[in-house]
Amino acid sequence: MAMLEKSLGDSTMVLLRRVASGAIVPKGLAALTLHTLGEEGTLRNPEIRRNLIGNLTPAEGQHLCGVLGLPDYAPSATLPDVDFDNDVQNFRSLAQFFNVSADAPLPQVESSRNAAPLHQLRTHQADAYRKLRRRISDPSASALIHMPYAAGKLRTVATAVLDLYRSEADGRTVLWLGAGEAVCEDAFDELSEVWGQLGSRNVTIYRHYGAHPLPDLNLIDNGIIVADVTRLPPTAIGLRDMGRRTRVVVVSDAELLRHSQFRETIDELSREGEFSLVGISASSAEVIRLRSAYSPLSAKFAGSCISIESPDPIALLREAGDVGAVSIELASIADRSAEQIDVSGADLSDELRLRLSRDVDRNEKLLDIVHREAHATSGPIAMFATSSEHARLFAGLLGYKGIRAVAVTNEMSPEQRGIELHKFSSRNDKVVCLHGFFLSAAYAPNIATAVVALPSTSSATIHQIVGRLAGHRPPTASKLKFVFIADPIPDYIALVNGLETWGDLGI
């Protein structure tokens, strides 16, 4: 009993005498010792262990000698000299004899952990994010993100803007402006995903583009609005009041500022409110100048242009594996005498696109181009059609030409589009005819050629067609070929010609 009292310690015995003196008996002290030291700890106590071994019967002593692999004819002489403290195998055999679990591994708690984000910003993105985030902390400051396609501008801006927005009190809004349903839907999906990672509260993100009904701007006093600029003229009801509640306005295509009506919309928003204006551009400086966008961009963003700090950003992105190699071709299908088409608005109207999609001569030459490209490569082809109807028409016409083709358009839900694109890849069909959304390399990593029959004067549209498909292609993928149909629209032709060049704005 004195041995058990010693193993428990003076403080425990004093406490035991005060609260449970009746337990101070050999059996009670033994039970408390097991609770305190644990089974393995009790066996490791030299005095207790010697006492246990000394009280074994001769038969038990012989059995223990056998477990230890020692002679068993004189256990009382053999066992006291066995080293259980330093010999790991001896102690394990002893524990096995007494049916005690020994050397159970302690739970491993790492001393450090690599906390990886779901979507890690690349080095140039992280640098741009920090600069943008610092800048827009001042409500009166503006900034232009000027980087090539596939540089991750959308994720960079969404991260900085929503990082700021989550610290804002309720009653503030973010307004994200783009031209066309595909550009707006891309922004909507990105904002939803980033807010899911960074958000501090539930926030409503409003769609104000495509077939979605126009929300009452007077009723939106909290949330994020993604709007098509063509549906938000300077005369829109509630626009001025919206400006008072807006913290940041993002323009997916900063070159829209060359249009006077769009500048008037921004001016109307800022008439009674103060907000940060963030522009995004993927066009080379030469293209921006050619399209008469340099002066308005310089006026809004002088001294606040954020770009990739490299003499050749496109090469930097390719070396990092962020974007695959591409080739750009312009395929002429119009007669030299064809009249040029001037587009005065933010982009081609639906009526003009419908007229182009139903042009018999254009479609005949386009079909020849797609047929030729399909036979020129063993890989699949993506065709960006002029309209949803156009995509379905060409899927049918290509079938008559002996080419397996499917149509996937924005008339399908995103989930259905994903299913159809998966079927396209798994069936090894030859041509996918698309409209109304941007095809990502994640859905079609092995596209060999893209035929683009979707003329657009929106820099965002043209660069996102290329960037989404060329970004993060498999390292083994061959050079991606883009064949742009050269519809006689000077602004559009200028954008395509500038895809393989880059120049800093220097503002």
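Six bridges hold strand β8 alongside strand β13, and the two run parallel. Strands here are DSSP runs of E with at least two residues, helices are DSSP runs of H or I with at least four residues, and both are numbered from the N terminus. Two strands count as paired if DSSP finds at least two bridges between them. Within this pair, V326 stands opposite L480 in β13. Please keep in mind that this is a predicted model, in which local features need pLDDT of at least 70 and side-chain atom pairs count only at pLDDT 80 or more, while totals for chains, interfaces and linings use all residues. Residues are numbered from 1 along each chain as its sequence is written, and side-chain values use heavy atoms, with hydrogens and water left out.

## The six-stranded sheet

The β8–β13 pair belongs to an open sheet of six strands with parallel pairing, in the order β8-β13-β12-β9-β11-β10. At its edges are β8 (326-331) and β10 (405-409), each of which pairs on one side only. On average, neighbouring strands of this sheet are turned by 20 degrees against each other, direction ignored; such angles come from axes that are lines fitted to C-alpha atoms, for helices over the stretch in contact, and run from 0 to 180 degrees between N-to-C directions.

On to the next partner of β13: strand β12 (residues 449-452) is joined to β13 (residues 480-485) by four bridges, again in parallel. Here A450 stands opposite F482 in β13. Strand β13 is mostly covered, with five of its six residues buried. Buried means under 20% relative accessible area, exposed means over 50%, and partly exposed lies in between (1.4 Å probe, protein chains only).

Helix α21 (residues 490-497) has six of its eight residues buried, so the rest of the structure largely encloses it. Those buried residues are D491, Y492, I493, A494, L495 and V496. They pack against α13 (285-290), β8, β12, α20 (459-470) and β13, where contact means heavy atoms within 4.5 Å.

## The seven-stranded sheet

Another open sheet, of seven strands with parallel pairing, has the order β3-β4-β2-β5-β6-β1-β7. The edges are taken by β3 (205-208) and β7 (305-306), each with a single partner strand, so one side of each has no neighbour in the sheet.

Helix α9 (residues 153-165) packs on this sheet, touching β1 (143-146), β2 (173-178), β4, β5 and β6, and its direction makes about 160 degrees with that of β2. Helix α10 (residues 181-198) lies across β2, β3 and β4, running at about 165 degrees to β4.

What about β2 itself? Six of the six residues of β2 are buried, so this strand is largely enclosed by the rest of the structure. T173, L175 and L177 point one way from β2, while V174, W176 and G178 point the other way.

| Strand pair | Bridges | Opposite residues |
|---|---|---|
| β2 and β4 | six bridges | L175 and I225 |
| β2 and β5 | five bridges | T173 and T246 |

## A loop arginine

R231 lies in the loop between β4 (223-228) and α11 (239-245). Is R231 buried, exposed or in between? At 25% relative accessibility, R231 counts as partly exposed. Leaving aside its neighbours within four places in sequence, R231 is in contact with H208, Y209, G210, H212, P213 and L214. R231 and S298 are 67 residues apart in sequence and 26 Å apart in space, C-alpha to C-alpha.

## A bent helix

Helix α3 (residues 26-44) spans only 19 Å between its end C-alpha atoms, whereas a straight helix of 19 residues would span 27 Å at 1.5 Å a residue. The expected span is 1.5 Å times one less than the number of residues. Where does α3 bend? The bend of about 100 degrees is at G38, taken as the angle between axes fitted to the seven residues ending there and the seven starting there. Among the residues of α3, L29, T33, T42 and L43 are buried.

## Cysteines

The structure holds zero disulfides, a disulfide being a pair of cysteine sulfur atoms within 2.5 Å. C65 counts as buried because its relative accessibility is 0%, whereas C305, at 22% relative accessibility, counts as partly exposed.
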